[in-house]
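Subject: Structure for you to look at

Hi,

Here is the structure I promised to hand over. Open it next to this email, and I'll walk you through what turned up.

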Amino acid sequence: MLCEEMKDDAAKMYPKLSPKLKKIYNALDVQHIRKLAEAPTLSLPENFLQNGYIISVGRLHETQKDFTTLVRAYADAVTRHGIKEHLVIVGEGGALEDLKALATELGVRDRIYFTGRQENPYNWMKHARLFLFSSKYEGLPTVLIEAHTLHLPVVATATPTGVRELLMDGLAGSLVPIGNVTAMADAVAEVLKDAALQAQYLREAEKLLPQFSIGYMIPRLEELF
């Protein structure tokens, strides 16, 4: 299983198999990701670099990724909390034009930069101040592990599997209800303004990273076989 929640669900569905179920996370090449993050600086409007930016990465497909809530929450954080940071969205998909139209409707189109698909999203992520995640459901979202790898504070929706585990039930990132614009906006503002909270999230996330290394995963697979 990819995570403990999946393992628990599988045990309920197939009780006889319960003793045989094991959790092994997907492995990442952490050093390679960090090397790619050092690629030449991306081209962004000057005001994005001056004020800093929040980032989100994913397919622009609303049935799962729910960037609509993310854009609404960002606009709410700008309006109610006065955050100065801009928003960068890395990814492509059928919802792109609708999301641009929504940003225009909410008065934040000039503050959101849609990069389209990027072969290397890591240099975009490295320079961000916060990673924002809005999915309705996932398995074990690799992008959150990548955010941990690049030392990004995270605000994420508490999807049914994976996310709570990766954020250690709120110790390694801020968890918000799925589709809740107000809660996400409040969490974004809180994390951006609280350096001590950011430091806590990064410190706790660092404890998780060894479990996602290839060197950690391979011996556990060998034990099974």
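Let's start with lysine 23, which counts as partly exposed at 26% relative accessibility. The scale behind that word calls a residue buried under 20% relative accessible area, exposed over 50% and partly exposed in between, using a 1.4 Å probe and protein chains only.

A word on ground rules: this is a predicted model, where local features need pLDDT of at least 70 and side-chain atom pairs count only at pLDDT 80 or more, while totals for chains, interfaces and linings use all residues. Residues are numbered from 1 along each chain as its sequence is written, and side-chain values use heavy atoms, with hydrogens and water left out.

**Salt bridges**

Side chains of opposite charge can pair when their charged atoms come close. For a salt bridge, a side-chain nitrogen of Lys or Arg has to be within 4 Å of a carboxyl oxygen of Asp or Glu. How many salt bridges does a search of the whole structure find? The answer is 10.

Lysine 23 is in one of them: its partner is glutamate 4, with the closest N and O atoms 3.7 Å apart. Glutamate 4 sits in helix α1 (residues 4-13) and lysine 23 in the loop between α1 and α2 (30-36), so this pair ties together parts that are 19 residues apart in sequence. (Helices are DSSP runs of H or I with at least four residues, strands are runs of E with at least two, and both are numbered from the N terminus.) Like lysine 23, which is partly exposed, glutamate 4 counts as partly exposed, at 32%. Glu4 and Lys23 also belong to a salt-bridge network that takes in Glu165.

Next, glutamate 38 bridges to lysine 126, and here the closest N and O atoms are 3.1 Å apart. Glutamate 38 is in the loop between α2 and α3 (46-51) and lysine 126 in helix α6 (residues 122-126), so parts 88 residues apart in sequence are tied together. Glutamate 38 is exposed at 55%, whereas lysine 126 is partly exposed at 33%.

One more: arginine 129 meets glutamate 85 at 3.2 Å, N to O. The two are 44 residues apart, with arginine 129 in the loop between α6 and β4 (130-133) and glutamate 85 in the loop between α4 and β2 (86-90). Is glutamate 85 buried or exposed? At 10% relative accessibility glutamate 85 counts as buried, while arginine 129, at 40%, is partly exposed.

**The sheet**

Strands of a sheet pair through backbone hydrogen bonds, either parallel or antiparallel. Here six strands make an open sheet in the order β3-β2-β1-β4-β5-β6, and the pairing is parallel; two strands count as paired if DSSP finds at least two bridges between them. At the edges stand β3 (112-116) and β6, each with a single partner strand, so one side of each has no neighbour in the sheet. From one strand to the next, the twist averages 20 degrees.

In one place, isoleucine 55 has phenylalanine 131 in β4 as its bridge partner. Helix α4 packs on the sheet and touches β1, β2, β3 and β4 (touching, or contact, means heavy atoms within 4.5 Å), and its direction makes about 165 degrees with that of β2. Helix α9 packs on the sheet too, touching β1, β4, β5 (154-157) and β6, at about 165 degrees to β4.

**Helices and a loop**

Aspartate 76 is in helix α4 (residues 67-81) and is buried at 15%. Setting aside residues up to four places away in sequence, aspartate 76 touches His81, Val181, Thr182 and Ala185.

Now compare α9 (residues 181-193) with α10 (residues 195-208): they pack at about 95 degrees, with axes 5 Å apart. Axes are lines fitted to C-alpha atoms, for helices over the stretch in contact, and angles run from 0 to 180 degrees between N-to-C directions. The two helices are therefore roughly perpendicular, a label for 65 to 115 degrees (under 35 is roughly parallel, over 145 roughly antiparallel, and the rest oblique). Glu190, Val191, Leu192 and Lys193 in α9 meet Ala195, Leu197, Gln198 and Tyr201 in α10.

Tyrosine 201 comes up again with leucine 171: they are 30 residues apart in sequence but 6.1 Å apart in space, C-alpha to C-alpha. Leucine 171 lies in the loop between α8 (163-166) and β6 (174-176) and is partly exposed at 43%.
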